[in-house]
Amino acid sequence: MIEVTDLTKYYGTKLALDRVSFSVRKGEVLGFLGPNGAGKSTAMKIITCFLSPTEGSVKVDGLDVVENSLEVRKRIGYLPENPPLYTDMTVKNYLEFAAKIKGVSSKKLRESVNTVVEKCGLTKYYRAYCNSLSKGYRQRVGIAQAMIHEPQVLILDEPTIGLDPIQIVEIRNLIKTFGGDHTVVLSTHILPEVDMTCERVIIINDGKVVAEDSTKNLRARVPEQESFMVEVRGEVNGLLGKVEQIPGVRSVTSQPAREGISAFKVEASNDMDVRPLVARTVIGENMELLQLRDLTMTLEDIFIKVTLN
Amino acid sequence: MRNTLAVYVREVRSYFTSPIFYILACVFMVVVGNTFKDSFFEFATKTMQALRMAQNYRMSIPLGSVNMVAQQMFSYINFLFLLIVPLLTMRLYAEERKNGTMELLMTSPITTVQVLLGKFFSALTIYTVMLALTVSFNIIMMIESGGKLDWGPILSSYLGSMLLGGAIISIGMFFSSLTENQIVAAATTLATIMGLWLLIQTSRFLDPPFSDFVRFLSTSEHMESFTIGFIGMQHVIYFISMTVFGLFMTGITIESARWRQ
């Protein structure tokens, strides 16, 4: 659905995107991950025809964003980083205006407005002025505007930024419902969000794609070994040696102790689960096992690891 | 057409919901009304004196036409618009940039020209509404002079004011498209249209052909003939080409933003 090839963008002499290539399949929800200033917004602005690429090409539904700009724009709904609201309009008037300039026919106008108002939970604020809305509701109006002409592609730039936890969950659930019918690209720097809403992730840093994979593969990719933290009551001097001898355990490192509780980190190969054996050893030494905590890498660790290299 | 209309309706509505239009229209009417009152009384006094002289000395003294009052009024109206239009046009693009709504317009399936025309005609509509308010003064003049008002020069004056309006609105729009700061947009517009208006003053210090060229560029030079009831094609063409040029430059600025930013 979206085909990005060797996309390069300069802001003056500053390089914002450096030969970025990726593609998005129809009906897929893609997460765009990266630290602030990595080039996420730039890439989205080019896909939505707001900016023109310096080099490279972007095709949406087989149409080039430069040559067939108007046709591409008909197929795309875009929520910029700040929802583009006219503060002197009511939600109703604003959505009607958005529908008109996006080419919704007058016959379907009322129906499309009603549909998005319902979908985005705006019924209560239908007649309110946009400038009286809270950040969360502005965001919703922004999303409603993006989907009012039933676009095939939705581009959402940090859709959950500045929202409270309940609103975040609501918006995420809303985005999840888009998958299947719509192709969705969303950017964020919040990792659990990608985990929860996206099927595939592109990590972008300094204008380059540094990783691209499904969330599951990405998670599986980095840790070749399993590690976990063990906490026991009392001194562990004798115990560490015994744990080290368990087959599969690669290393044991003692962690700083506190108030009679000792801790150590165990790293083991991931082809076998050594945790039951470790637990048994601890109990065999007549010590109390307080905690056995998995230290498998989260997306966060992957993110830091890939962006630092 | 439909897209242009959508933008136009939104803009006009926006003008009428903001207090700026009402304040400007109010100030405009007070100032025009006041100058109208002064010149009308002056004219009335002079006519009375002339009539008395004619009676006393039994000779005929040529009387001035009531159209002199209208002529004076229009020169005030046009000058006032030079101050008002920058305040009307400053928001057209600068506000969209500031609010981020420019992204909505530029990523919707609507062309730059459609947006441009919608905005231009909305400002021109507001301008026309203000100008139309001054018709009331002409009606007063007609009644008070016992129907001796010649409507020809008045209509041509209105045409001139409209042409001037189009030109200065398109200049204001251009400056609004350059910045996201409305104050900067208003100030640069004011400087430019005032400069064009007063340019004629410098022609005295220049030799031909430069003095002729400067006179040709000045808006006030081209306005003059309209107020005495003469519609010169070269003047109409001057204002229309200036309008088109302003719109063209605005379009280029907006389109090139896609590459510059």
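Before you start, residues are numbered from 1 along each chain as its sequence is written, while chains are lettered from A and ligands numbered from 1 in the order in which they are written. As this is a predicted model, local features need pLDDT of at least 70 and side-chain atom pairs count only at pLDDT 80 or more, but totals for chains, interfaces and linings use all residues.

**Exercise 1. Work out the strand order of the open sheet of 4 strands in chain A, and find its edges.**

Step 1: Know the terms. Helices (H or I, at least four residues) and strands (E, at least two) are DSSP runs, numbered from the N terminus. Two strands pair if DSSP finds at least two bridges between them.

Step 2: In chain A it goes β2-β1-β4-β5, and the pairing is antiparallel.

Step 3: Pick the edges. β2 (14–24) and β5 (63–64) of chain A each have a single partner strand, so one side of each has no neighbour in the sheet.

Step 4: Check the pairs. β1(A) and β2(A) share 7 antiparallel bridges, with A:Glu3 opposite A:Ser23 in β2(A). Their hairpin has 2 residues between the strands, and A:Gly12 takes a positive phi near 65° there. Strand β1 (residues 2–11) of chain A also runs antiparallel to β4 (residues 55–60) of chain A, with 5 bridges. Here A:Ile2 has A:Val60 in β4(A) as its bridge partner.

Step 5: Helix α1 (residues 40–47) of chain A lies across β1, β2 and β4 of chain A, at about 115° to β1(A). Axes are lines fitted to C-alpha atoms, for helices over the stretch in contact, and angles run from 0 to 180 degrees between N-to-C directions.

**Exercise 2. Describe the open sheet of 6 strands in chain A: which strands are its edges, and which helix packs on it?**

Step 1: Write down the order, β6-β7-β8-β3-β9-β10 in chain A, with mixed pairing.

Step 2: Look at the ends. β6 and β10 (208–214) of chain A are the edge strands, each pairing on one side only. From one strand to the next, the twist averages 15°.

Step 3: β6(A) runs parallel to strand β7 (residues 153–157) of chain A, and 4 bridges join them. A:Ile76 stands opposite A:Val153 in β7(A).

Step 4: Find the helix. α5(A) packs on this sheet and touches β6 and β7 of chain A, its direction making about 165° with that of β6(A).

**Exercise 3. Compare two helix pairs: how do α3(A) and α5(A) sit, and how do α6(B) and α8(B)?**

Step 1: Take chain A. Helix α3 (residues 91–101) and helix α5 (residues 135–147) of chain A pack at about 30°, with axes 9 Å apart.

Step 2: Name the arrangement. Angles under 35 degrees count as roughly parallel, over 145 as roughly antiparallel, 65 to 115 as roughly perpendicular and the rest as oblique. So α3(A) and α5(A) are roughly parallel.

Step 3: See who meets. A:Val91, A:Tyr94, A:Leu95 and A:Ala98 in α3(A) meet A:Val141, A:Ala144 and A:Gln145 in α5(A); contact needs C-beta atoms, placed from the backbone, within 7 Å. These residues divide into 6 nonpolar, 1 polar and no charged. Ala, Val, Leu, Ile, Met, Phe, Trp, Tyr, Cys and Pro count as nonpolar, Asp, Glu, Lys and Arg as charged, and the others, Gly among them, as polar.

Step 4: Turn to chain B. Helix α6 (residues 112–133) and helix α8 (residues 151–178) of chain B pack at about 140°, with axes 10 Å apart, so α6(B) and α8(B) are oblique to each other. Their contact divides into 8 nonpolar, 4 polar and 1 charged residues.

**Exercise 4. Find out how many helices and strands chain B has, and where chain A touches it.**

Step 1: Count the elements. Chain B has 12 helices and 0 strands.

Step 2: Go to the interface. 23 residues of chain A are in contact with 20 residues of chain B. On the chain A side, α2 (69–75), β6 (76–79) and α3 each supply at least two residues, and α3(A) gives the most, with 4 residues.

Step 3: Sort that side of chain A: 12 nonpolar, 6 polar and 5 charged residues.

Conventions. Two residues are in contact if their C-beta atoms, placed from the backbone, lie within 7 Å.
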